[in-house]
Amino acid sequence: MNAHEIDYHIYGEEMQYVEIELDPQEAVVAEAGSFMMMDTDIKMETIFGDGSNQDTGVLGKLFSAGKRLLTGESLFMTAFLNIGQGKKLVSFASPYPGKIVPIDLSEKGGKFICQKDAFLCAAKGVSVGIEFSKRLGRGFFGGEGFIMQKLEGDGMAFVHAGGTMAKKTLAPGETLKVDTGCIVGFSQTVDYDIEFVGGIKNTVFGGEGLFFATLRGPGTVYIQSLPFSRLASRVWAAAPRGGGKDKGEGSILGGIGDLLDGDNRF
């Protein structure tokens, strides 16, 4: 498997985007909705699956695309091909505040495992598939269910982490305990399991869930400080209800406080 060799540059701090430089006939594939901008002479085409098995026939393409349904993703991806004579640029944006993480699969043993909504884009030739959990507890309580995504090949891939990203390199036997939703991805050598928090007070009043993930080295782990599910739940909790009135959050004066702080919406 030989993915296209691409050059890239990541711009921004809290809301990042990645700019990819394509030589003639080079291509990159991306999730629908991540496209930001591109030069002329770049051809955009919707394809089944990830485009890594275009020579396997109709059934092979359908099988590859169908697997993506199990991760909650679309059957289709978008390929961007440089059909011009010189170098061209195409850019993809992160979906919410956080960091874009470049993953060189040739340095990860040809495989990287990530949560199902972390993938952003990759060089054409990288296979975007599914990783089944072989452990029952991990499947039921791991937050990502039985299935995570796996990126395979020898090219560049880009994943997105919410908030601030932490990169941890684990020594053989070294264990890291993580909130299940905070995992972005890890190399294939890392052993991943689920552990019960324990204790009645922790279980009932802790507010951190009943389980956390244990990641055992050797290998590299990427952790995010703000999972999208956590961000969405906070936004939903603070959303106005009952005729559009908000909660007057941050002030005991409620609506009067809004007049004083300049929030004068009508």
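Is Phe92 buried or exposed at 0% relative accessibility? With that value, Phe92 counts as buried, the term being applied under 20% relative accessible area, with exposed over 50% and partly exposed in between (1.4 Å probe, protein chains only). The model is predicted, so that local features need pLDDT of at least 70 and side-chain atom pairs count only at pLDDT 80 or more, whereas totals for chains, interfaces and linings use all residues. Residues are numbered from 1 along each chain as its sequence is written, and side-chain values use heavy atoms, with hydrogens and water left out.

An open sheet is formed by four strands in the order E1-E2-E7-E4, with antiparallel pairing. Strands are DSSP runs (E, at least two residues) numbered from the N terminus, and two of them pair if DSSP finds at least two bridges between them. Strand E1 (7-11) and strand E4 (35-38) stand at the edges with a single partner strand each, so one side of each is left without a neighbour in the sheet. From one strand to the next, the twist averages 20 degrees, where axes are lines fitted to C-alpha atoms and angles run from 0 to 180 degrees between N-to-C directions. Six bridges join strand E2 (residues 17-22) to strand E7 (residues 88-93) in the antiparallel sense. Within this pairing, Val18 has Phe92 of E7 as its bridge partner.

Six aromatic pairs are found in a search of the whole structure. Rings of Phe, Tyr and Trp (its six-membered ring) pair if their centres lie within 6.5 Å; planes under 30 degrees apart count as stacked, over 60 as edge-to-face and the rest as tilted. The rings of Tyr11 and Tyr17 are stacked, because their centres are 5.2 Å apart and their planes stand at 20 degrees. Tyr11 counts as partly exposed, at 31% relative accessibility. In the pair of Phe80 and Phe92, the centres are 5.2 Å apart and the planes at 75 degrees, so the arrangement is edge-to-face. Phe80 lies in strand E6 (residues 76-82) and Phe92 in strand E7, so this pair ties together parts that are 12 residues apart in sequence. Phe80 counts as buried, at 1% relative accessibility. Ring pairs link Phe80 and Phe92 with Phe35 into a cluster.

Phe35 also belongs to a nonpolar surface patch with Met36, Met37, Met38 and Met44, which together have about 430 Å² of accessible area. Patches are made of residues with over 30% relative accessible area and no salt bridge; like charges are joined within 9 Å and nonpolar side chains (Val, Leu, Ile, Met, Phe, Trp, Tyr) within 5 Å. A salt bridge is a side-chain nitrogen of Lys or Arg within 4 Å of a carboxyl oxygen of Asp or Glu, and accessible areas come from the Shrake-Rupley method with a 1.4 Å probe. E4 gives the most to the nonpolar patch, with four residues. Met38, found in strand E4, counts as partly exposed at 32% relative accessibility.
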